[in-house]
Amino acid sequence: MTEHPPHRFERGTDGPKVIVAGLDGSDSSLRAAAYASGLARRQGALLAVVYVQPVMPAGAAFGVPVAETTGEIAEELVAEVRAAAERVRGIWDVRWEFHTLRGDPYTGLVTAADELKADAVVVGASESAGHRFIGSVAVRLVKAGRWPVTVVP
């Protein structure tokens, strides 16, 4: 029998220890976070919820307060995640963290997954028609082949 080297995402443990869920406030990303939360609960894993604040230099050039707007979105998402966690307190116990980075969603999720040593990444299916031509974040993560990726509709 030939021995095969372990896959890159194998951390030498049974089941995932860190699950990254991409969250941008869309309905599909909220469903993805809920799905990832269930996975984390069942596996006893840490749920790392990640919001990547878009960088829009063109908007900033026209005087649009982009940093304040994306910061407000991040605060709203944290409040939503906290409220959801509070609703299930005592029923389910899920360890979770909220991370926010700046940049494009794909690069931000890759950076977070690498830094957190993620065992799995969960994202929502794209709701943008333009992604049929340039590729969605989910498709790019799958093509990267660095972690198991679950795409939630």
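1. Strands β1 and β4 run parallel and are joined by three bridges. Within this pairing, Val 20 has Val 121 of β4 as its bridge partner. The model under discussion is a predicted one.

2. Strand β1 also pairs with β2, again in the parallel sense, over five bridges. Here the bridge partner of Val 20 is Ala 48 in β2. Together, β1, α1 and β2 form a β-α-β unit that is right-handed.

3. In a regular strand, side chains alternate between the two faces of the sheet. Both faces of β1 are covered: Val 18, Val 20 and Gly 22 are buried on one side, and Ile 19 and Ala 21 are buried on the other. Five of the five residues of β1 are thus recorded as buried.

4. Helix α1 spans residues 27–43, which is 17 residues. From its first C-alpha to its last it reaches 24 Å, close to the expected 24 Å. Just after α1, Gly 44 adopts a positive phi of about 65°.

5. Several residues of α1 are buried, among them Ser 28, Ala 32, Ala 36 and Ala 40. The elements covering the buried residues of α1 include β1, β2, β4 and β5.

6. Leaving aside residues up to four places away in sequence, Leu 39 touches Ile 19 and Val 122. The C-alpha atoms of Leu 39 and Val 94 are separated by 9.5 Å, although these residues are 55 apart along the chain.

How values were computed:
Residues are numbered from 1 along each chain as its sequence is written. This is a predicted model: local features need pLDDT of at least 70, side-chain atom pairs count only at pLDDT 80 or more; totals for chains, interfaces and linings use all residues. Side-chain values use heavy atoms; hydrogens and water are left out. Helices (H or I, at least four residues) and strands (E, at least two) are DSSP runs, numbered from the N terminus. The expected span of a helix is 1.5 Å times one less than its number of residues. Buried means under 20% relative accessible area, exposed over 50%, partly exposed in between (1.4 Å probe, protein chains only). Contact means heavy atoms within 4.5 Å. Two strands pair if DSSP finds at least two bridges between them. A crossover is right-handed if, with the strands pointing away from the viewer, the path from the first strand over the helix to the second runs clockwise.
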